Amino acid sequence: MKLVPLSDRVVLKEIEAEETTASGIVLPGQAKEKPQQAEIVAVGPGGKVDGSDVEMVVKVGQKVIYSKYAGTEVKMDDVTYIIVKQSDIQAIVED
């Protein structure tokens with residue numbers, strides 16, 4: 001199966017959070033915070049959204065930071081994806 005987002009939606013795949021802090025402390029599963037960094041796997045076409053034109057500025061393959069409680073989680077083939085509006089993406093992470 002394949003997720004194809006509509007209008008201004010973007011499909012994200014979470015990037016796994018580090019299990020060890022910079023100082024070497026190993027975090028147990030429940031102490032880990034939900035990651036807010038993800039990779040874009042699909043982008044909708046944009047267009048008219050609530051009466052105004054939306055141009056998609058993000059691209060597949062980019063790493064982004066998104067709002068903490070944004071989106072809808074979808075699990076497919078044992079992989080969890082998050083579908084968010086483009087406006088829920090806060091920043092693009094560049095190398």
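This note describes the sheet and the nonpolar core of a predicted model.

1. Basis. The model is predicted, so local features need pLDDT of at least 70 and side-chain atom pairs count only at pLDDT 80 or more, while totals for chains, interfaces and linings use all residues. Residues are numbered from 1 along each chain as its sequence is written, and side-chain values use heavy atoms, with hydrogens and water left out.

2. Sheet. Six strands form an open sheet in the order β6-β7-β1-β2-β5-β8, with antiparallel pairing. Strands are DSSP runs of E of at least two residues, numbered from the N terminus; two of them pair if DSSP finds at least two bridges between them. At the edges stand β6 (72–76) and β8 (89–93), each of which pairs on one side only.

3. Strand β1. Strand β1 (residues 9–14) runs antiparallel to β2 (residues 37–43), joined by five bridges, and Val 11 stands opposite Ala 42 of β2. With β7, β1 also pairs in the antiparallel sense over five bridges; here Val 84 is the bridge partner of Val 10.

4. Hairpin. Strands β6 and β7 pair over five antiparallel bridges, with Val 74 opposite Tyr 81. Two residues lie between these strands, and in this hairpin Asp 77 takes a positive phi near 50 degrees.

5. Core. The largest nonpolar core has twelve residues, including Val 10, Leu 12, Val 64 and Val 84. Such a core is a set of buried (under 20% relative accessible area, 1.4 Å probe, protein chains only) Ala, Val, Leu, Ile, Met, Phe, Trp, Tyr and Cys residues joined through side-chain atoms within 4.5 Å. The elements giving two or more residues to this core are β1, β2, β5 (63–66) and β7 (79–85).

Methods. Helices (H or I, at least four residues) and strands (E, at least two) are DSSP runs, numbered from the N terminus. Buried means under 20% relative accessible area, exposed over 50%, partly exposed in between (1.4 Å probe, protein chains only).
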